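Please keep the sequence and the 3D view at hand while reading.

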Amino acid sequence: MTATTTRATAKTPPTAARLPLGTLVRAHLACARMEFRAALTYRTAYLSSFAMMLLQIWLLTVVWRALYDGRAEVDGLSLATMTAYATLTTLQYQLVSPWRSSPIDQRVREGKVAVDLLRPVGFPGQMLAGQLGWASAAVPVLLVALPFALLIGAGQAPASAAAGFAYPVALIGALLVNQLLGLLLGLVSFWTLEVSGALMAYRFVAQFFSGALVPLWFMPGPVRAAAEWLPFQATAYTPAAVYLGQVEGLGIVAALGVQLAWIGALGGLAAFVWSRARRRVMSQGG
């Protein structure tokens with residue numbers, strides 16, 4: 001990042017708070033729309049990720065059927081529930097966790113962040129809206145892939161009416177938690193410039209502790225306790241457990257409350273990290 005870039009940033013105070021609400025909303029929607037269109041331009045890479053998704057569903061179904069070895073239930077859970085869980089978490093993880101989590105590191109390396117900082121809309125809001133727009137590009141392809149996913153995996157109706165109503169709320173919560181985590185990881189690039197190594201480690205840890213591969217109810221006690229204290233379980237396990245009736249009654253309210261708490265905590269942490277990152281940019285500008 002050059003001194004010229006950072007000086008321009010330092011001289012331009014943030015004006016997003018002074019914009020009318022309608023203008024602010026339209027600006028964020030424009031950021032989301034741009035990233036939505038950009039995601040659809042990478043057709044080959046994007047479609048290949050859905051082919052891998054279908055392969056993962058098939059492999060997980062085969063593995064769980066082999067592990068059950070003809071038994072109707074394991075620890076009170078039927079094979080049908082387990083294969084439905086594997087199918088559901090893989091499908092929703094494609095939406096909740098797109099293959100590109102944040103463009104911040106690339107924009108910092110290329111100096112494009114200077115243009116972002118000169119806009120009247122706050123930088124974290126721009127990036128978060130763009131990430132959500134990129135993730136939403138998965139929706140049309142997911143709708144096409146859904147019948148094939150259910151054919152090679154398994155599907156079930158929501159466990160109850162309450163589960164059916166709560167599941168979309170839990171899925172939105174999962175999406176927000178994951179995107180805030182991606183935003184935080186991207187903001188680290190203001191110090192490191194490169195986050196590819198950290199991103200690889202993050203994806204492994206996030207996928208495991210989210211319950212996307214192995215549900216929390218099958219994890220050993222200490223591992224499950226760690227997963228329950230981390231935000232990742234809110235991105236995959238929580239919506240799937242709500243949908244399949246593994247969380248019921250007041251448990252649904254508690255699960256959604258945990259998601260909301262993580263959204264607040266991660267949002268506050270992102271605001272703090274951004275305040276430090278912006279101060280670093282301004283101090284470098286002199």
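## Helix α4 against helix α9

Helices α4 and α9 lie oblique to each other. This is a predicted model. The axes of α4 (residues 79-96) and α9 (residues 161-187) cross at roughly 50 degrees. They come within 10 Å.

Which residues of α4 meet α9? From α4 come L88, Q92, L95 and V96. Facing them in α9 are Y167, L171, A174, L175, N178 and Q179. By class, this contact holds 7 nonpolar and 3 polar residues. Charged residues are absent from it.

## Helix α7 against helix α9

Helix α9 also packs with α7 (residues 123-136). Here the axes cross at roughly 125 degrees and again come within 10 Å. That angle makes α7 oblique to α9. The crossing of α7 and α9 is right-handed.

On the α7 side, the contact uses F123, P124, M127, L128, Q131, L132 and A135. On the α9 side, it uses L175, Q179, L180, G182, L183 and L187. What classes do these residues fall into? The contact of α7 with α9 has 10 nonpolar residues, 3 polar ones and no charged ones.

Two α9 residues deserve a look in the viewer. L175 and Q179 meet α4, and L175 and Q179 also meet α7.

## Aromatic pairs

How many aromatic pairs does the structure hold? The count is 10. One of them joins Y202 and F232. Their ring centres are 6.0 Å apart. The planes stand at 65 degrees, and the pair is edge-to-face. The cut-off for that class is over 60 degrees, so the angle qualifies.

This pair links distant parts of the chain. Y202 belongs to helix α11 (residues 196-209). F232 sits in the loop between α12 (221-229) and α13 (237-243). The two residues are 30 positions apart. Are they buried or exposed? Y202 has a relative accessible area of 16% and is buried. F232 is buried too, at 10%. Both values count as buried because the cut-off is under 20%.

Aromatic residues also gather elsewhere. W64, Y85, W217, F218 and Y237 make up one aromatic cluster.

## Positive phi at two aspartates

D69 is not a glycine, yet its phi is positive, at about 50 degrees. It lies in the loop between α3 (43-68) and β1 (73-74). Its relative accessibility is 61%, so D69 counts as exposed.

D75 is another residue other than glycine with a positive phi, near 55 degrees. Where is D75 found? Its place is the loop between β1 and β2 (77-78). D75 counts as exposed because its relative accessibility is 69%, and the cut-off for exposed is over 50%.

## The chain as a whole

The protein chain has 14 helices and 2 strands. It runs to 286 residues, and 44% of them count as buried.

What share of the contacts with a separation of 6 or more joins residues 24 or more positions apart? The figure is 82%. The pair of Y202 and F232, 30 residues apart, is one example of a link between distant parts of the chain.

Technical notes: Residues are numbered from 1 along each chain as its sequence is written. This is a predicted model: local features need pLDDT of at least 70, side-chain atom pairs count only at pLDDT 80 or more; totals for chains, interfaces and linings use all residues. Side-chain values use heavy atoms; hydrogens and water are left out. Rings of Phe, Tyr and Trp (its six-membered ring) pair if their centres lie within 6.5 Å; planes under 30 degrees apart count as stacked, over 60 as edge-to-face and the rest as tilted. Helices (H or I, at least four residues) and strands (E, at least two) are DSSP runs, numbered from the N terminus. Buried means under 20% relative accessible area, exposed over 50%, partly exposed in between (1.4 Å probe, protein chains only). Axes are lines fitted to C-alpha atoms, for helices over the stretch in contact, and angles run from 0 to 180 degrees between N-to-C directions. Angles under 35 degrees count as roughly parallel, over 145 as roughly antiparallel, 65 to 115 as roughly perpendicular and the rest as oblique. Contact means heavy atoms within 4.5 Å. Ala, Val, Leu, Ile, Met, Phe, Trp, Tyr, Cys and Pro count as nonpolar, Asp, Glu, Lys and Arg as charged, and the others, Gly among them, as polar. A crossing is left-handed if the near helix is turned anticlockwise from the far one by less than a right angle, and right-handed if clockwise.
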